[in-house]
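Here is a short tour of a protein model for anyone who likes to check a fold by its numbers. Open the structure alongside the text and follow the elements as they come up.

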Amino acid sequence: MLAIGCDHAGYELKQEIIKHLEEKGIEYKDFGCYSEEAVDYPVYGKLVGHAVADGECEKGILICGTGIGISMAANKFKGIRAGLCSTQYQAEMTRRHNNANILSVSSNRATMKNSLSTSNIAFTDFVMFES
């Protein structure tokens, strides 16, 4: 199961990624946020980070304006390897070579299509890949 979370800046993209996951039949757990009302990104980095670190979810996807802050928040937890990716190549390499267990994407700098493609490569096509 994938954990997914975002701050207010990532809400719209999260909804699109969720739609994509549902179309692919991929199980996920949504840790919020649940609207575009302003929230603090560390809360959601922590929730997804804990879910992955504790084994509740195998991998995760995090989204915020830049993707940087929320990945830094998640990386504070033992066993978490969150990588900020904006291309399919980066996502593939962070799984293959860094064994990343959380993909972080920017809602501002990545196009919707590119982010969906990046999340698909990192955590659906390679969900069974073990480095």
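Predicted model: local features only at pLDDT ≥ 70, side-chain atom pairs only at ≥ 80, totals over all residues.

Residues are numbered from 1 along each chain as its sequence is written, and side-chain values use heavy atoms, with hydrogens and water left out.

Strand 1 (residues 2-6) and strand 3 run parallel and are joined by five bridges. Strand 3 (residues 59-64) is also joined by five bridges to strand 5 (residues 102-106), again in parallel. On that side, Ile61 has Leu103 as its bridge partner, and Ile63 has Val105. Helices (H or I, at least four residues) and strands (E, at least two) are DSSP runs, numbered from the N terminus. Two strands pair if DSSP finds at least two bridges between them.

How many residues of strand 3 are buried? Six of the six are, so strand 3 is largely enclosed by the rest of the structure. Buried means under 20% relative accessible area, exposed over 50%, and partly exposed in between (1.4 Å probe, protein chains only). Lys59, Ile61 and Ile63 cover one side of the strand, with Gly60, Leu62 and Cys64 on the other, and all are buried.

## The whole sheet

Stepping back, the protein has five helices and five strands, which follow one another in the pattern β-α-β-α-β-α-β-α-β-α. The five strands form an open sheet with parallel pairing, in the order 2-1-3-5-4. Strand 2 (28-30) and strand 4 (82-84) stand at the edges with a single partner strand each, so one side of each has no neighbour in the sheet. On average, neighbouring strands here are turned by 20° against each other, direction ignored; the axes behind such angles are lines fitted to C-alpha atoms, for helices over the stretch in contact, and angles run from 0 to 180 degrees between N-to-C directions.

## A closer look at Ser104

Ser104 is found in strand 5 and is buried, with a relative accessible area of 0%. Which residues is Ser104 in contact with, leaving aside neighbours within four places in sequence? They are Leu62, Gly67, Ile70, Ser71, Gly83, Leu84 and Cys85, where contact means heavy atoms within 4.5 Å. The C-alpha atoms of Ser104 and Cys6 are separated by 9.5 Å, although the two residues lie 98 apart along the chain.

| Helix | Length | First to last C-alpha | Expected span |
|---|---|---|---|
| Helix 1 (11-24) | 14 residues | 20 Å | 20 Å |
| Helix 2 (41-53) | 13 residues | 18 Å | 18 Å |

In helix 1, the buried residues are Leu13, Lys14, Ile17, Ile18, His20 and Leu21. Seen down the axis of helix 1, they fall within an arc of 160°, so they line one face of the helix; the arc is that of the directions from the helix axis to the C-beta atoms.

Helix 2 buries Tyr44, Gly45, Val48, Gly49, Ala51 and Val52. Its buried residues also fall within an arc of 160° and so line one face of helix 2. Their cover includes strand 1, strand 3, helix 3 (68-74) and strand 5. Just after helix 2, Gly55 has a positive phi of about 85°.

## Overall numbers

Of the 131 residues in the protein, 48% are buried. Among contacts between residues at least 6 apart in sequence, 68% join residues at least 24 apart.

Methods. Expected span 1.5 Å × (residues − 1).
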